[in-house]
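User: I would like to go through the packing of this model with you. Could we start once it is on screen?
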Amino acid sequence: DEQHPDLDARLPDGSRVHATIPPISRCGTILSIRKFKKDMLTIDKLEEYGSIPREGALLLNAIVKLRKNTIVSGGTSSGKTSVLNALSGLIPENDRILVLEDASELQLQQKHCVYFETRKPDKGGQGEFSIRELVIASLRLRPDRLVIGEIRGGEALDLLQSLNTGHDGGFSSGHANSVKDMLSRLETMVLMAADLPLPAIRSQIASAVDIMVHVARMRDKTRKVTAIEEVDRFENGEIIL
């Protein structure tokens with residue numbers, strides 16, 4: 001309605017729907033539907049498509065098996081969710097996985113998956129359940145691995161704290177143009193949640209995150225994994241990659 005001129009929703013098959021009406025859309029009603037591929041994208045398929053070399057695929061397999069906390073970064077429509085899905089396919093079958101998302105997009109291949117989704121407030125502004133609240137609730141369910149679809153705000157602090165308290169092997173993704181940009185965004189998102197000194201935030205990031213994977217959309221419209229970097233240590237006020 002006029003008070004709520006945009007809508008973010010999901011169809012029963014998982015497709016994402018976004019609708020806007022005047023006055024915020026000047027040319028009438030706009031309806032966008034994003035459909036997801038039915039067949040799962042695996043690491044082997046990424047290699048087959050030329051999105052990652054053989055050495056990269058083997059490295060990512062080792063990273064997942066060694067339970068390294070991993071963040072996938074990339075620009076809009078670069079394939080972050082697809083790579084996150086492919087990485088999740090490498091998780092051992094007997095691991096209990098908790099998946100937290102703003103809007104359900106991930107389709108994990110394992111049996112032991114519990115899916116959570118945020119809830120928007122109702123017309124009276126009541127009943128909202130944010131990613132931050134989902135993270136806190138999910139940690140009581142003893143997950144072996146925590147997968148957060150995408151971090152956009154203050155939930156970054158809860159993610160770092162959960163990864164720093166023994167929940168290793170976690171995954172998440174975020175919008176950024178490079179690995180260094182993603183680290184800067186993480187700092188900004190943590191500052192949205194708490195007024196902490198920058199060295200303390202960087203120290204937390206360095207101890208919580210092990211691996212950064214960057215995905216990019218090339219000029220010829222192909223999507224490729226362009227970087228796999230290890231977060232080495234926090235030294236002289238900087239995070240060393």
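User: Which residues does leucine 186 touch, not counting residues up to four places away in sequence?

Analyst: Leucine 186 touches Ile71, Ile151, Ala156 and Ile205, where contact means heavy atoms within 4.5 Å. Please note that this is a predicted model, in which local features need pLDDT of at least 70, side-chain atom pairs count only at pLDDT 80 or more, and totals for chains, interfaces and linings use all residues. Residues are numbered from 1 along each chain as its sequence is written, and side-chain values use heavy atoms, with hydrogens and water left out.

User: Which residues touch the most other members of the largest nonpolar core?

Analyst: They are Ile151, Met182, Leu186, Ile205, Val209 and Met212, in a core of 31 residues. A nonpolar core here is a set of buried Ala, Val, Leu, Ile, Met, Phe, Trp, Tyr and Cys residues joined through side-chain atoms within 4.5 Å. Buried means under 20% relative accessible area, exposed over 50%, and partly exposed in between, with a 1.4 Å probe and protein chains only.

User: And which elements give two or more residues to this core?

Analyst: These are β5 (97–101), α4 (131–138), β7 (145–148), α5 (155–163), α6 (179–193) and α7 (198–208). The most comes from α6, with 6 residues. Helices (H or I, at least four residues) and strands (E, at least two) are DSSP runs, numbered from the N terminus. There is also a second, separate core of 25 residues, which includes Leu46, Leu84, Leu90 and Val147.

User: How do α6 and α7 pack, then: at what angle, and how far apart are their axes?

Analyst: The angle is about 120°, and the axes of α6 and α7 are 10 Å apart. Axes are lines fitted to C-alpha atoms, for helices over the stretch in contact, and angles run from 0 to 180 degrees between N-to-C directions. The two helices, α6 and α7, are therefore oblique to each other; angles under 35 degrees count as roughly parallel, over 145 as roughly antiparallel, 65 to 115 as roughly perpendicular and the rest as oblique.

User: Which residues make that contact?

Analyst: From α6 they are Leu183, Leu186, Glu187, Val190 and Leu191, and from α7 they are Leu198, Ile201, Arg202 and Ile205. By class, the contact of α6 with α7 has 7 nonpolar, no polar and 2 charged residues. For these classes, Ala, Val, Leu, Ile, Met, Phe, Trp, Tyr, Cys and Pro count as nonpolar, Asp, Glu, Lys and Arg as charged, and the others, Gly among them, as polar.

User: Is glutamate 187 buried or exposed?

Analyst: Glutamate 187 counts as buried, at 11% relative accessibility. Leaving aside neighbours within four places in sequence, glutamate 187 is in contact with Leu198, Ile201, Arg202, Ile205 and Ile239.

User: What do the buried residues of α7 pack against?

Analyst: They pack against α5, α6, β11 (233–235) and β12 (238–240). The buried residues of α7 are Ile201, Arg202, Ile205, Ala206 and Ala208.

User: How does α5 cross α6?

Analyst: The axes of α5 and α6 come within 6 Å and cross at roughly 105°. That makes α5 roughly perpendicular to α6. Ala156, Leu157 and Leu160 of α5 meet Leu186, Met189, Val190 and Ala193 of α6. This contact of α5 with α6 divides into 7 nonpolar, no polar and no charged residues.

User: Changing topic: where is serine 138, and what is in contact with it beyond its neighbours within four places in sequence?

Analyst: Serine 138 is in helix α4 and is buried, with a relative accessible area of 1%. Its contacts, with those neighbours left aside, are Leu98, Leu100, Pro143 and Leu146.

User: What about the backbone: which peptide bond is cis, with omega near 10°?

Analyst: It is the bond from proline 22 to proline 23. Proline 23 lies in the loop between β2 (16–20) and β3 (30–34). Most residues other than glycine have a negative phi, and most peptide bonds are trans. Arginine 142, which is not a glycine, has a positive phi of about 50°, and so does asparagine 236, also not a glycine, at about 50°.

User: Where are those two residues found?

Analyst: Arginine 142 is in the loop between α4 and β7 and is exposed, with a relative accessible area of 54%. Asparagine 236 lies in the loop between β11 and β12 and counts as exposed at 75% relative accessibility.
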